Amino acid sequence: MRIVFMGPPGAGKGTQAAILSRLFGIPHISTGDIFRANVSEGTPLGIEAQRYMDAGEYVPDGVTNAMVRDRLTHGDAQPGFILDGYPRTVEQVAELDAMLRSSGQKLDAVIELTVDIDVVVQRLVQRAAEQGRPDDTEDVIRRRLEVYAEQTAPLIAVYKDHGILIRIDGLGDIDSVSNAIASAINP
Ligand code: ADP
């Protein structure tokens with residue numbers, strides 16, 4: 001199973017991707033988590049990424065694509081993977097396509113979690129209080145939502161055209177959302 005999660009910040013991609021990863025026994029690959037780990041370890045990648053993340057902007061495609069390309073070569077990702085937060089730009093879609101094609105693989109499903117913008121802002125503000133993520137301030141949240149609408153929302157139509165888009169209402173409680181995802185993938 002090769003699955004991509006899409007949806008605006010706060011839609012619950014990370015939560016649902018982690019549940020599905022346990023269910024299917026395939027790795028959950030979150031570009032945001034990888035960047036955050038690099039930031040906290042102070043690696044060159046982390047130092048490069050941090051200024052974009054703190055501003056709510058996307059890390060440049062060249063940096064992100066190289067990181068994902070490397071991650072997908074690890075042994076644990078050979079039977080399948082769940083990508084959370086990648087691809088987010090037209091260029092990343094093309095790049096992922098090329099990575100998979102070169103190893104004779106393809107995506108099985110793109111899951112779009114749909115949510116109401118007010119709910120998302122509320123969830124992110126709450127996460128800020130609980131986890132203290134530096135990009136969960138109100139201004140940066142607003143910018144992240146704008147960048148999502150401009151650069152990532154258009155990708156949904158691309159995957160719809162490919163016939164692999166699955167739309168799931170992300171507004172229910174965690175269990176009902178993950179049940180809906182599991183039965184949409186494994187009917
Ligand atoms: P969220 O979806 O809640 O905004 P993430 O943890 O997925 O949070 O990402 C946090 C930040 O990491 C993004 O705002 C961006 O700066 C960076 N990032 C994550 N994935 C990508 C990507 N595919 N391309 C560029 N930047 C990314």
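The second largest pocket is lined by Val 93, Leu 96, Asp 97, Leu 100, Arg 101, Gln 105, Lys 106, Leu 107, Tyr 159, His 162 and Ile 164. On a 1 Å grid over the protein atoms alone, a pocket is an open set of points with protein on both sides within 12 Å along at least five of seven lines, a cavity is a set of points where a 1.4 Å probe fits but cannot get out, and lining residues have an atom within 4 Å of a point. The model is a predicted one, in which local features need pLDDT of at least 70 and side-chain atom pairs count only at pLDDT 80 or more, whereas totals for chains, interfaces and linings use all residues. Residues are numbered from 1 along each chain as its sequence is written, and side-chain values use heavy atoms, with hydrogens and water left out.

The volume of the second largest pocket is about 160 Å³, a volume being the space filled by probe spheres set on the points, which are joined across faces, edges and corners. Helix H5 (residues 90-102) contributes the most to this lining, with five residues; helices (H or I, at least four residues) and strands (E, at least two) are DSSP runs numbered from the N terminus. By class, the lining has six nonpolar, two polar and three charged residues. Here Ala, Val, Leu, Ile, Met, Phe, Trp, Tyr, Cys and Pro count as nonpolar, Asp, Glu, Lys and Arg as charged, and the others, Gly among them, as polar.

The largest pocket has a volume of about 1,000 Å³. Its lining comprises 42 residues, of which Gly 10, Lys 13, Arg 127, Arg 133 and Arg 144 are the closest to its centre. Two or more lining residues come from each of helix H1 (13-24), H2, helix H6 (117-131), H7 and helix H8 (174-185). The largest share, six residues, is that of H6. The lining divides into 13 nonpolar, 16 polar and 13 charged residues.

The space taken by the ligand is this largest pocket, where a molecule sits in a pocket if more than half of its atoms lie within 2 Å of the grid points. The ligand is surrounded by 19 residues, the closest being Thr 31, Arg 36, Glu 57, Gly 85 and Arg 88; a residue is near a molecule if one of its heavy atoms lies within 4 Å of it. Helix H2 (residues 31-41) gives the most to this shell, with four residues. The shell consists of six nonpolar, five polar and eight charged residues.

The protein covers 97% of the 540 Å² of accessible area that the ligand has on its own, by the Shrake-Rupley method with a 1.4 Å probe; for residues, only the protein chains shown count as cover.

One cavity of 30 Å³ or more is present. The residues lining the largest cavity are Phe 5, Met 6, Gly 7, Lys 13, Gly 85, Tyr 86, Pro 87, Arg 88, Tyr 148 and Thr 152. Strand S1 (2-6) and helix H7 (138-161) are the elements that give two or more residues to this lining. The peptide bond from Tyr 86 to Pro 87 is cis, with omega near -5 degrees.
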